[in-house]
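Work through the exercises below with the sequence and the coordinates at hand. Each task is followed by a solution in steps.

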Amino acid sequence: MTDHRRAVHTGDERPAAEVGDQRVVDMAERRGRAPFGPPTDPARRDPGGPGAGGRSAGAGEAAGPAASAHGRVPAQVGGTLIEARRGFLRRAVGYLAADAGVRQFVDLGSRLPVDEGVGRAAREYAPGSRVVYVDAESSAALRAGRAGADDTAAVVVAVERMDPGALTDRLAERGLVDFAEPVGVLITDTTALRRDGVLVHDLVRALHARMGRGGHVAIAQPVPEARDPHSREIAASVFEPFTLVEPGLADMAWWPYPDEEVSGEPTGVLAGLGRSG
């Protein structure tokens, strides 16, 4: 790989967004390259998975804890929603890279600059990972970042509509994501989904249908009352048929710390991580 993050033109009439210090890569050349090396077996690395002395989580249970040594970034108490989203993305990517062997990450509309959030965390925890940003709003924020000196490939894909089937087909058929390998999809801003009349659960089910074992989805969703059991039940149902990883749902500002372990002003946005397989 190069010493700059690379932007890829996907071949559509509408070009991918530009990234600072970009390298434009022909998709045909990417398809001809060998895939990433074998990721760490999630079953061996997940503290609660088979082979780790724990038990497998059944339906409706939280899987092994995400609060590993790599994932336990200090909780973000206070600050703006953007800061809380940035912190959640970093902690989620840290867990996925260190404990689940994920080397492919898809940021679905976080609207954070390319040098923050998913890309920054991937460079820190798993250099050489593939990062795909889905830009559903032609966001200037995505174009504002500057690539770091690393070998992490970044692809910015512009879409007109967040249609679940079309989106997953595009990611798979254009060689942007290999769903047969572990992949982490992060949905932390549902603005574009609401604009397009797309239910988060519909997108989650479309992703699950594509993913193999070791696929994960991280979701942050605002709720009317974060401590209300009914609101939490509805929020948890969005992850089905994925299995929630411990501690289940927690405020976006301090996940994976359970709500009862943190004293601070919550964001009102419940976040969690689901695992397939």
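## Exercise 1: a helix pair

Helices α6 and α8 cross in the right-handed sense. The model is a predicted one, in which local features need pLDDT of at least 70 and side-chain atom pairs count only at pLDDT 80 or more, while totals for chains, interfaces and linings use all residues. Residues are numbered from 1 along each chain as its sequence is written, and side-chain values use heavy atoms, with hydrogens and water left out.

Task: describe the crossing of α6 and α8, and sort the residues in the contact by kind.

Solution. 

Step 1. Locate the helices: α6 covers residues 164–173 and α8 covers residues 200–210. Helices (H or I, at least four residues) and strands (E, at least two) are DSSP runs, numbered from the N terminus.

Step 2. The two axes come within 9 Å and cross at roughly 35 degrees. Axes are lines fitted to C-alpha atoms, for helices over the stretch in contact, and angles run from 0 to 180 degrees between N-to-C directions.

Step 3. Assign the hand: the crossing of α6 and α8 is right-handed, a term used if the near helix is turned clockwise from the far one by less than a right angle.

Step 4. List the contact (heavy atoms within 4.5 Å). From α6 it takes in Pro164, Leu167, Thr168, Asp169, Ala172 and Glu173, and from α8 Asp202, Leu203, Ala206, Leu207 and Arg210.

Step 5. The residues of this contact divide into six nonpolar, one polar and four charged. Here Ala, Val, Leu, Ile, Met, Phe, Trp, Tyr, Cys and Pro count as nonpolar, Asp, Glu, Lys and Arg as charged, and the others, Gly among them, as polar.

## Exercise 2: salt bridges

Task: state how many salt bridges the whole structure holds, and examine those of Arg85, Arg195 and Arg232.

Solution. 

Step 1. The search gives seven salt bridges, each a side-chain nitrogen of Lys or Arg within 4 Å of a carboxyl oxygen of Asp or Glu.

Step 2. Arg85 is paired with Asp189, with 3.6 Å between the closest N and O atoms. Arg85 belongs to helix α3 (residues 81–99) and Asp189 to the loop between β6 (184–187) and α7 (191–195), so this pair ties together parts 104 residues apart in sequence. Both Arg85 and Asp189 are buried (buried means under 20% relative accessible area, exposed over 50%, partly exposed in between; 1.4 Å probe, protein chains only).

Step 3. Arg195 and Asp196 meet in a salt bridge at 2.8 Å, N to O. Asp196 is buried at 14% relative accessible area, whereas Arg195 is partly exposed at 43%.

Step 4. Arg232 forms a salt bridge with Asp259, the closest N and O atoms lying 3.0 Å apart. Arg232 is in helix α9 (residues 229–237) and Asp259 in the loop between β9 (250–251) and β10 (269–275), so parts 27 residues apart in sequence are tied together. Arg232 is partly exposed, with a relative accessible area of 23%, and Asp259 is buried, with 11%.

Step 5. The loop between β9 and β10 also holds Ala253, which is buried at 1% relative accessible area. The C-alpha atoms of Ala253 and Arg85 are 7.2 Å apart, although 168 residues separate the two along the chain.

## Exercise 3: strands and their cover

Solution. 

Step 1. Two strands pair if DSSP finds at least two bridges between them.

Step 2. Gln104 stands opposite Arg130 in β4.
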